[in-house]
Amino acid sequence: MSQPKRGIGAYHPDQGPGSGLARGKNYLLAIGIDKYLHFPQLNNAVRDAETFAALLQERYQFDVRNTEVLFNEQATERQLIFKLRDMARLVTPEDNLIIYFSGHGAFDDVLNEGYWIPVDAERDAIEDFVPN
């Protein structure tokens, strides 16, 4: 029995049921932050997240009803945690989930862990960052 094709180019939207593709729903959480309160402003983070979401909806069967977006002032630490927990409750093992973050990030050498920086995070306040 041959192994399913994996990696870039493996997915073909025209393949129907029985083709070996997952039968679950596709979910997207897209986060883009340009207008930080305490960090340097960015220019293309929101546009990149919008473009990525549009691409998935137009070419890869990501239903707009299963797409959540947080842009700029919406992307607080509280909202990021809420949306991640909401997605964890919603998505089943048969589903696909992509989380796209475009904004500032940080890496903690002590814990060897990366973080997303929410719009309302204070500078040098790692407790305000969201571990990824």
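Lys83 and Glu68 are joined by a salt bridge in this predicted model, with 2.8 Å from N to O. A salt bridge here is a side-chain nitrogen of Lys or Arg within 4 Å of a carboxyl oxygen of Asp or Glu. The pair links distant parts of the chain. Lys83 lies in helix 2 (residues 77-90), Glu68 in strand 2 (residues 67-71), and 15 residues separate them. Helices (H or I, at least four residues) and strands (E, at least two) are DSSP runs, numbered from the N terminus. Lys83 is buried, at 14% relative accessibility, whereas Glu68 is partly exposed, at 27%. Buried means under 20% relative accessible area, exposed over 50%, and partly exposed in between (1.4 Å probe, protein chains only).

The model is predicted, so local features need pLDDT of at least 70 and side-chain atom pairs count only at pLDDT 80 or more, while totals for chains, interfaces and linings use all residues. Residues are numbered from 1 along each chain as its sequence is written, and side-chain values use heavy atoms, with hydrogens and water left out.

By the salt-bridge rule, the count is three. Side chains of opposite charge can pair when their charged atoms come close. Another pair is Asp86 with Arg89, at 3.9 Å from N to O. Both residues belong to helix 2. They sit about one helical turn apart, because three residues separate them along that helix. Asp86 is partly exposed, with 27% relative accessibility. Arg89 is exposed, with a relative accessible area of 54%.

Asp63 and Arg65 also form a salt bridge, their closest N and O atoms lying 2.5 Å apart. Asp63 is partly exposed, at 25% relative accessible area. Arg65 is exposed, at 67%.
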